[in-house]
Amino acid sequence: MPTLHWVGKDKVVNHHHDVPFRLLDKKYTFAAQEGAPLNSTGNRIIHGDNLEVLKSLLPEFEGKVNCIYIDPPYNTGNEGWVYNDAVNDPKIKKWLGQVVGKEGEDLSRHDKWLCMMYPRLKLLHRLLADDGVIFVSIDDNEQATLKLVMDEIFGAGNFVNSIIWEKRYSPQNAVKWFSESHDFLIVYAKSKEEWHPNLLERSDEMNARYRNPDDDPRGVWKPVDSTAQAGHGTQSQFYALTAPNGKQHTLPNGRCWLYTEPVFQQLVADNRIWFGSTGNNVPAVKRFLTEVKQGTACQTIWKYDDVGHNQEGKKEINDLFPEATVFDTPKPARLLDRVLRLATDQNAIVLDTFAGSGTTAHAVLKLNAQDGGNRRFILCEMMDYAETITAERVRRVMNGYGEGTKTVAGTGGAFDYYSVGPALFKEDKNLNEDVGEAAIRNYVAYTESIPAEKQSNTDNPVSRYMLGASDTAMWLFYYERDRVTTLNLDFLASLNIKALIDGGGKGGVKAKRKRPENFIVYADKCALDKDFLIKHGITFKRIPRDISRF
Ligand SMILES: C[S@@+](CC[C@H](N)C(=O)[O-])C[C@H]1O[C@@H](n2cnc3c(N)ncnc32)[C@H](O)[C@@H]1O
């Protein structure tokens, strides 16, 4: 498989492992005004660099996100936008400086963009559910490089399609070459076998093509071609067809009939072939509306009539913020609505880590309001306008906005607003104990892959050190902030192993279990010898040295 190389790639392919794990700091909860429907709850808006945010989301959301939409900077080199599109933003520059080292200053625009995107796509891939899908908006500046990088990260076999989105409705005349009127959405499934798009609702226009000129009791139908390409036919599909009025119909060059003669005559007898109102026309097969699928497969060209255009996106944001022009490049909510209809069910988790003005959240809220769903969004935006534009737009959509004839009713809903909090490990690799025991335990449980329902908290009635138990293993986290802990015989004797096995589940709920084969015990020190540990199936892990970094 061809792979793409660029300056700095070797510095970033594993960079996602080095990104410090930070806790997300909840700042406030917003809930729509009383009386508004509350089916859009459990949403999050996070202010921070998405690299750190993506990493922080892993323990809770790895493998759980159903639909990702991102609209990253297109890397146009245009510096004059509300956000900085060309990775020259000081925050990203600082990051490039730290990660790519001196080379960072010399990287070309494309190298820098790829360095920025690669670790983020790696983490996005991990967050996606096995039957999940990612849509990435992009234009010709980086579409070709993005495709190759996504082939590498998601697997070329999981590429679904590139969609052409007609973003402009009028041509630009002051151009040197072509008037560019489209962007792309590059679509990858986590696993192409597992993800299938929903059908789109049939439009009124599509249904209007079905009529009933012969009053067929089976309802409206439309005529479809009764021939196929000759190359697809067998010998029995080449014949002269006799119509009920005796007229002989011969095949045009290069065509065969769709059916063999006996089958065709059966269809004629069942009034499923249409020879026109006079009975003399070329035969057509009647396709009844009741027999077509209730939806239609989505095509790969998305026209602005159906999903909106750039100006529509701008108008939406101007209607929401009549007081000022706040954001230059919002996508239209209908574009996101199309993505959501194709890729989500009513309980989906939707992630957008280049949130901008929050169009993704707007579309989620609207669709939930329409179909009563409880899709949840997680948005991340790096700039300070995460609060003043992204979150503010969501508040206005939830509460309702506009005046007079332009009033738009609120969708209801709620969200929590977070910023990026402290790192779990200090620079000297020691634990940052200020984050609290619960956060440390959650992290260790995640790194040990203990499923949420098998984890235990410090309220466990048998032992506060119980971290979790599966059928084959039990984890103990022997940690005290104010003293050094030692795994020794006294500690083991203090544990009621039998009670732990039976009642060591979450919150100490009783559940008859087999004795696990392995006991994984975290402590500051170990006073037991190797033979003893092996004999009793105990693995000692030293705090913090043996707590894995991911
Ligand atoms: C093209 S805009 C997205 C517009 C959005 N789809 C909308 O409809 O409003 C890209 C956004 O990504 C944000 N961004 C860029 N790099 C980021 C990063 N590393 N972390 C979080 N947000 C970032 C930018 O600040 C900008 O708001």
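## Ligand contacts and helix packing

A polar side-chain atom of Asp 71 is placed 2.7 Å from a nitrogen atom of the ligand. The model is a predicted one. Asp 71 is also listed with Ser 357, Thr 359, Glu 381 and Tyr 385 as the residues that come nearest, out of 23 residues around the ligand.

| Residue | Atom of the residue | Distance to a nitrogen atom of the ligand |
|---|---|---|
| Asp 71 | polar side-chain atom | 2.7 Å |
| Asn 50 | backbone N or O atom | 2.9 Å |
| Met 382 | polar backbone atom | 3.2 Å |

The packing of helices comes next. Two packed helices are described by the angle between their axes and the distance between the axes.

Helix α12 spans residues 359-371, and its axis comes within 9 Å of the axis of α13, with a crossing angle of roughly 15 degrees. The two helices are therefore roughly parallel. The crossing of α12 and α13 is right-handed. On the α12 side, Thr 359, Ala 361, His 362 and Leu 365 take part, and they meet Arg 393, Val 394, Val 397 and Met 398 of α13. This contact of α12 with α13 comprises 5 nonpolar, 2 polar and 1 charged residues.

Helix α10 (residues 310-320) also packs with α13 (residues 385-399): their axes come within 10 Å and cross at roughly 75 degrees. That angle makes α10 roughly perpendicular to α13. Glu 316, Ile 317 and Leu 320 of α10 make the contact with Arg 393, Arg 396 and Val 397 of α13. By class, the contact of α10 with α13 holds 3 nonpolar, no polar and 3 charged residues.

Terms used:
Residues numbered from 1 in each chain as written. Predicted model: local features only at pLDDT ≥ 70, side-chain atom pairs only at ≥ 80, totals over all residues. Heavy atoms only, no water. Axes fitted to C-alpha atoms, helices over the stretch in contact; angles between N-to-C directions. Helix = DSSP H or I, 4+ residues; strand = E, 2+ residues; numbered from the N terminus. Parallel < 35°, antiparallel > 145°, perpendicular 65-115°, else oblique. Contact = heavy atoms within 4.5 Å. Nonpolar A, V, L, I, M, F, W, Y, C, P; charged D, E, K, R; others polar. Left-handed = near helix turned anticlockwise from the far one by under 90°. Near = heavy atom within 4 Å. Polar contact = N/O pair within 3.5 Å; in protein donor to acceptor, adjacent residues only side chain to side chain.
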